[in-house]
Each structure stands twice: as C-alpha cells, then as structure tokens.
Amino acid sequence: MLAPALEAIAAAASVAAGYQTMSPTGQWYGRTFIGLPRGSKQLALTYDDGPNDPHTFRLLEVLARHNVHATFFLIGKYVGQRPDIARQLLAAGHTIGNHTFSHPLLTLKANSTIRQQLSDCRAALEDAVGAHSNLFRPPFGGRRPAVLHLARQFGLAPIMWNVTAYDWNAPPAAQIERKVVKQIRGGDVILLHDGGHKHMGADRSQTVIATDHLIARYKSQGYEFRTIPQMIESTPAHEAFASQHR
Ligand SMILES: [Zn+2]
C-alpha cells in the first residue's frame, strides 16, 4: 500500500494524465499544432464534423463575403454521403482535413480500429476531392500516444486548438462569440462546428452568425484569418513542428 502522500501524488498524476488526454493544449503525448505564439496577428478558424447541409453552405457564403479561408475537419462517412459539399469547400480555397470516418473517441479504441478510421476517412476524402491536406484532428480532442503515433505513421499531422467556442449544443451566437473573445490571445486556433457528429443536419445557424461577427470584429482590429497550413508555414516554429513528422 502506498503512503498517503504518495497516494495523493499518484492520484493527482493520474488526474493530470486524464486531463492531458483530452485537453486541447496538452503536449505530453507528442507535439501537436495548437497555434502561434501569443500576440500574433493571425487567427485560424477551424470547423469540425461537416460536411453538413445546409449550414456548411451558409458558412461558405459568410467566409466568401469576408474573403476568409478556413480549415474544415470532415467526417468521412458524411463526405461519402455529400461529396459535393467537400468539393465545394476545396474549390472555394478552404483546407480540408481528416476527422476520422465515424467520429469515435479514439482513446478507447484498438490500434486496428484507429488505423481503419484514419484510412477510411482518407479514402472518402480522396474519392470526393482527390488530393487534400495531411491534417488530422482527433474526435473530441481525444489522444493517447498510440493515436498520435498511428496518425503520424499515416503521414497525418495532428492539429488541436487553443480557443474553444463551446458551440456543439448550439447556444445563441452572442454566447459563442463571447466565449471565443474571452480566450483570444493572438495566433489562436479556434474550434467551431459546421456539423454535428451524431447526425447530419445539426443546426449550426448560430455558429454561422457568430463567425460573421468574429471575422468583422477581428479584421477591424488588424487580425488576418489564415488556414492551418498558412499559419504553420508563416512561422519558424514550422521547423520544429515539421521535424516531428519526419
Ligand atoms: Zn468532432
């Protein structure tokens, strides 16, 4: 039996390890890109769980009106159902990444399942749009060393985020906007949703409105909106990040 003090330390460590598994900015399990150093005038909008009719289309209209490009992490199963939306995203100049085939929490899955999820999503994306980015975002932000290792074996670069919009339950746009504004430090990767992992058709109208407001707000403050590849390429940190994947 452990001495009480050691027990407390062990408990704290296991809590911390659990937290790190899900925390988007946790770096214990291998480097993942989460943004640029604080104070940068670049921001990246990222959208998960699409494609989604009609909200991905509404979002495309807003982004086009502001001449902003974003990064979309697509669910392979939905891409198979609506390859036209994925093609439209790419044609509009947005970046498309892998968000697995059916959005399981990978930390609980066998390696063979993780591999299958990554490759099935990649196949769906290749069928729909052909060449696309090597970016990968784990569903629910769930990681463990094996998830990141397998992703890198596939040539995928894990991309997390440091600003959470908390928009998955479709709160009012003003609330989404407020959550984001509270966390922005410059150089941020912002997590939003144009779809829902439970079914296609999730109502993302509030995220679309919040996006419109956020772009207007930060452009007026001199910020530029970039895709994740643009953000990575713009910094010397690119070297450190890229070296993880060689
Ligand atoms: Zn997701």
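Two residues are in contact if their C-beta atoms, placed from the backbone, lie within 7 Å. Helices (H or I, at least four residues) and strands (E, at least two) are DSSP runs, numbered from the N terminus. This is a predicted model, in which local features need pLDDT of at least 70, side-chain atom pairs count only at pLDDT 80 or more, and totals for chains, interfaces and linings use all residues. Residues are numbered from 1 along each chain as its sequence is written.

The chain has ten helices and eight strands. Of its 246 residues, 40% are buried. A residue is buried if 20 or more other C-beta atoms lie within 10 Å of its own, exposed if 12 or fewer, and partly exposed in between, with C-beta atoms placed from the backbone. Among contacts with a separation of 6 or more, 79% link residues 24 or more positions apart.

Start with β1. Eight of its nine residues are buried, so β1 is largely enclosed by the rest of the structure. Its partners can be taken in turn; two strands pair if DSSP finds at least two bridges between them. β1 and β7 run parallel and share five bridges. Leu 45 stands opposite Ile 190 of β7, and Asp 48 has His 193 of β7 as its bridge partner. Strand β2 (residues 71–74) is joined to β1 by four bridges, also in parallel. There, Gly 50 is bridged to Leu 74. β8 runs parallel to β1 as well, over two bridges, and Gln 42 has Glu 224 of β8 as its bridge partner.

How many of the residues of β7 are buried? Five of the five are, so β7 is largely enclosed by the rest of the structure. Val 189, Leu 191 and His 193 point one way from the strand, while Ile 190 and Leu 192 point the other way. Strand β6 (residues 163–164) runs parallel to β7 and is joined to it by two bridges. Val 163 stands opposite Ile 190. Leaving aside neighbours within four places in sequence, Ile 190 is in contact with residues including Leu 43, Thr 46, Trp 161, Ala 165 and Val 180.

Now follow the crossovers. β1, α2 and β2 make a right-handed β-α-β unit. β6, α7 and β7 make another right-handed unit of this kind. A crossover is right-handed if, with the strands pointing away from the viewer, the path from the first strand over the helix to the second runs clockwise.

Helix α8 (residues 205–220) comes next. Its 16 residues reach 23 Å from first C-alpha to last, close to the 22 Å expected at 1.5 Å a residue. That expected span is 1.5 Å times one less than the number of residues. Gln 206, Thr 207, Val 208, Ala 210, Thr 211, Leu 214, Ile 215 and Tyr 218 are buried in α8. An α-helix has 3.6 residues a turn, so residues three or four places apart point the same way. The buried residues of α8 pack against β1 (42–50), α2 (55–66), α7 (173–183), β7 (189–193) and β8 (224–225). Gly 222 follows α8, with a positive phi near 90°.

Turn to the core. A nonpolar core is a set of buried Ala, Val, Leu, Ile, Met, Phe, Trp, Tyr and Cys residues joined through C-beta atoms within 7 Å. The largest has 57 residues, and those with the most contacts inside it are Leu 74, Val 79, Ala 86, Leu 125 and Ile 190. Its largest share, six residues, comes from α5.

Leu 125 lies in helix α5 (residues 111–129). Leu 125 counts as buried because it has 24 C-beta neighbours inside 10 Å. Not counting residues up to four places away in sequence, Leu 125 touches Leu 74, Gly 76, Val 79, Ala 86, Ile 96, Asn 98 and His 132. Gly 76 is 49 residues from Leu 125 in sequence, yet their C-alpha atoms are 6.7 Å apart.

Val 147 sits in helix α6 (residues 145–153). Val 147 is buried because 23 other C-beta atoms lie within 10 Å. Beyond four places in sequence, Val 147 touches Leu 106, Thr 107, Ile 114 and Pro 138.

Finally, consider confidence. pLDDT is the predictor's confidence in each residue, from 0 to 100. The chain has a mean of 88, and 83% of its residues reach 70 or more. Over residues 6–17 pLDDT stays under 50, and the model has two contacts beyond four places in sequence for them. Residues 242–246 are also below 50, with three contacts beyond near neighbours in sequence. Where pLDDT is low, the predicted coordinates should not be read in detail.
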